[in-house]
Amino acid sequence: FVDALLTGTPFAILAALVGLVWQALYVRNRDKHHDDQIRREMELEQRKFSYQREIEDRRFEYQKQLETLRFEYEQRRWREELARDVALKTVEARIEEYSKIWSRIEGVAKNQLDTGGITTESIRAIARDIKSWRYGKGGLLAEETTRDAAFALQTALWEYKGTEETYRRMRFARRRFRDALRADMGVGEDERGQ
């Protein structure tokens, strides 16, 4: 035994054991280092993916907001164009309807009294025309103040008795109706200054 000891066999075994332990430690450390490196790379890839996803989410959100703004702008523009077109058609229809009734009111003009063209029958015919206008297309297109002025003129016409006082009331109602018609078409002010 002493011979074997002295000849180096146990040292060889011991050296082999130390070499195996060292090799096992090296492999373990290498594998641990490799696993740590893979874990760090995966974390980096995960962060990179999360960052890219966050950027895409933000880009998508900004795009969504931009599309919403575009849609709201187009919707508002469409509504404004529609309102403008409706207002234009309304004014055109009012001009047509208002000119018809205004031409009928010529019988109440100031010079008609001087020439003797005002008769009770002609005044009542104008009152009937105003009533028809109020319940026709003209009345539908007219503002409330204009319809009220038409009714007041109609009443004044019905109450005309050939006297100076009823004539003045009729002329006042005519002026009020004319001003209301002009205000509806946007070329004058109504009795409230609008």
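Start by selecting Asp36, Arg39 and Glu43: salt bridges link these residues in a network. The model is predicted, and a search of the whole structure finds 18 salt bridges.

Next, select arginine 77 together with glutamate 74 and glutamate 81. The side chains of arginine 77 and glutamate 74 form a salt bridge with an N to O distance of 2.6 Å. Arginine 77 also forms a salt bridge with glutamate 81, where the closest N and O atoms are 3.0 Å apart. Arginine 77 and glutamate 74 are three residues apart in helix 2, so about one helical turn separates them. Glutamate 81 and arginine 77 are four residues apart in that helix, again about one helical turn. Colour by accessibility here: arginine 77 is partly exposed at 33% relative accessibility, glutamate 74 is partly exposed at 38%, and glutamate 81 is partly exposed at 31%.

Move to glutamate 121 and arginine 128. Their side chains meet in a salt bridge, at 3.3 Å from N to O. Glutamate 121 counts as exposed because its relative accessibility of 54% is over the 50% cut-off. Arginine 128, at 40%, counts as partly exposed.

Now switch to the aromatic rings. A pair of aromatic rings is described by the distance of the centres and the angle of the planes. With ring centres within 6.5 Å as the rule, the count comes to three aromatic pairs. Select tryptophan 22 and tyrosine 26, a stacked pair with 5.8 Å centre to centre and 15° between the planes. These two residues lie in helix 2 (residues 9-104), four residues apart, so they are separated by about one helical turn. Tryptophan 22 is exposed, with 57% relative accessibility, whereas tyrosine 26 is partly exposed at 45%.

Then select tryptophan 133 and phenylalanine 177. Their ring centres are 5.6 Å apart and their planes stand at 85°, so this pair is edge-to-face. The pair links distant parts of the chain: tryptophan 133 is in helix 4 (residues 120-134) and phenylalanine 177 in helix 7 (residues 164-185), 44 residues apart. Are the two side chains buried or exposed? Tryptophan 133 is buried at 7% relative accessibility, and phenylalanine 177 is buried with a relative accessible area of 0%; the cut-off for buried is under 20%.

Ring pairs link Tyr98, Trp133 and Phe177 into a cluster.

Terms used:
Residues numbered from 1 in each chain as written. Predicted model: local features only at pLDDT ≥ 70, side-chain atom pairs only at ≥ 80, totals over all residues. Heavy atoms only, no water. Phe/Tyr/Trp six-rings, centres within 6.5 Å; stacked < 30°, edge-to-face > 60°. Buried < 20%, exposed > 50% of the residue type's maximum accessible area, 1.4 Å probe, protein only. Salt bridge = Lys/Arg side-chain N within 4 Å of Asp/Glu carboxyl O.
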